[in-house]
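Visitor: I'd like a quick tour of this one, please. Could you take my questions as they come?

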Amino acid sequence: MSASVNEPASARLRIEACESSKRAAQDALRARGLEPPMELTARDEDVVIASAAWLRSDVRLLEFDHALHEAQDRGGPCTFAVVGEGDALLRTVVGVALRYQRLWPRRNVQAGDVDFDLVLRAHRALHALEKPLVRADYEHALDVWQWTVALSPEASRAVQVAALFHDIERLASEADVRIEQNAPDYSTFKVDHARRGADMTRAVLASIAEPALVERVCALVARHERPDADPELALLNDADALSFFALNSAGFFAYYGPEHTAMKVDYTWKRITSERARRALEDVRLERFIGEALDRVRAQPRP
Ligand SMILES: [Fe+2]
Ligand SMILES: [Fe+2]
């Protein structure tokens with residue numbers, strides 16, 4: 001594992017709790033393959049997250065994101081200070097470490113070399129982070145990358161690169177305003193988005209990656225909205241769906257409102273193919289509307 005090469009500020013985690021609560025929380029992180037760099041010293045700029053605030057039934061997750069973005073935009077290091085005790089602390093630490101997993105990325109052997117750094121830099125260079133929707137897409141791309149490794153620690157280089165680039169088409173169609181809610185047919189819209197994304201991916205990777213890798217990545221991007229028997233495609237789909245719930249659903253609800261979000265929750269839950277991905281959702285902090293919509297769709301019999 002190594003630090004991200006492409007974040008404006010490196011982030012750390014500080015746990016304010018008694019020794020036994022702290023140890024239990026750190027064990028829970030390790031069990032999930034999460035290894036945020038730890039910070040011991042409190043600073044005024046810390047993004048403080050009390051477990052009582054994180055676990056509130058009416059939690060607004062975007063407020064924590066906003067505090068992170070402010071710290072990143074100041075250009076300095078960012079430390080999340082998580083405060084609590086016992087089980088509440090543990091759930092908060094795991095939830096925070098997962099929501100912001102892109103800041104302490106898992107780098108397996110397939111993604112641990114300088115050539116992968118090159119891909120990360122090329123991907124980062126495409127994103128004008130001052131645009132809020134582009135920033136959200138950039139964070140989603142890193143988050144999907146991380147979910148592929150979380151679900152499959154041996155994830156191939158191709159599926160990790162595909163995770164980074166899978167939604168790159170949005171830079172062309174939805175950088176300033178979202179349009180998916182206007183699509184006459186949601187599935188057709190998503191399939192077109194995937195196909196065009198593969199063409200854009202090829203254009204970026206052609207000069208920095210091996211042809212065989214480029215072909216495999218583009219094949220995965222082109223089909224990422226339609227899982228089939230290909231296990232890597234299923235992995236990418238599960239990672240994408242988890243990232244929607246874990247990272248993007250709060251912003252999606254704020255942008256689109258309840259009706260379109262309820263449809264999206266239904267669509268995304270049904271995309272998940274593996275029991276492992278369904279279980280991973282248990283650790284994810286969801287806002288109330290999303291949690292209730294998810295409970296409703298979970299209660300339906302699976303086709
Ligand atoms: Fe997509
Ligand atoms: Fe996506």
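Guide: Happy to, and one term first: a crossing is right-handed if the near helix is turned clockwise from the far one by less than a right angle, and left-handed if anticlockwise. Also keep in mind that this is a predicted model.

Visitor: Then what is the handedness of the crossing where α12 passes α14?

Guide: Helix α12 covers residues 258–271, and its axis lies 9 Å from that of α14. Going by the clockwise rule, the crossing of α12 past α14 is right-handed.

Visitor: Which residues in α14 meet α12, and what classes make up the contact?

Guide: On the α12 side you've got P258, T261, A262, V265, D266 and W269, facing F289, I290, A293, L294, V297 and R298 in α14. By class, that contact comes to nine nonpolar, one polar and two charged residues.

Visitor: Is L286 buried or exposed?

Guide: L286 sits in the loop between α13 (275–280) and α14 (288–299). The cut-off for buried is 20 or more other C-beta atoms within 10 Å. L286 has 20 such neighbours, so this residue counts as buried.

Visitor: What does L286 touch, and how many Å lie between L286 and A246?

Guide: Leaving out residues up to four places away in sequence, L286 touches F245, S249, G291 and L294.

Visitor: How are α9 and α10 oriented to each other?

Guide: The axes of α9 (residues 186–205) and α10 (residues 211–222) come within 7 Å and cross at roughly 160 degrees. Angles over 145 count as roughly antiparallel. So α9 and α10 are roughly antiparallel.

Visitor: Which residues in α10 meet α9?

Guide: From α9 come A194, R195, G197, A198, T201, R202 and L205. Their partners in α10 are V214, V217, C218, V221 and A222.

Visitor: Zooming out, what is the radius of gyration of the protein?

Guide: The protein has 14 helices and three strands, and its C-alpha atoms fill a box of roughly 50 × 45 × 35 Å along the principal axes. A compact globule with 303 residues would have a radius of gyration near 19 Å, and the protein agrees, so the value is 19 Å.

Note on methods. Residues numbered from 1 in each chain as written. Chains lettered and ligands numbered in written order. Predicted model: local features only at pLDDT ≥ 70, side-chain atom pairs only at ≥ 80, totals over all residues. Axes fitted to C-alpha atoms, helices over the stretch in contact; angles between N-to-C directions. Helix = DSSP H or I, 4+ residues; strand = E, 2+ residues; numbered from the N terminus. Parallel < 35°, antiparallel > 145°, perpendicular 65-115°, else oblique. Contact = placed C-beta atoms within 7 Å. Rg over C-alpha atoms; globule rule 2.2 N^0.38 Å. Buried ≥ 20, exposed ≤ 12 C-beta atoms within 10 Å, placed from the backbone. Nonpolar A, V, L, I, M, F, W, Y, C, P; charged D, E, K, R; others polar.
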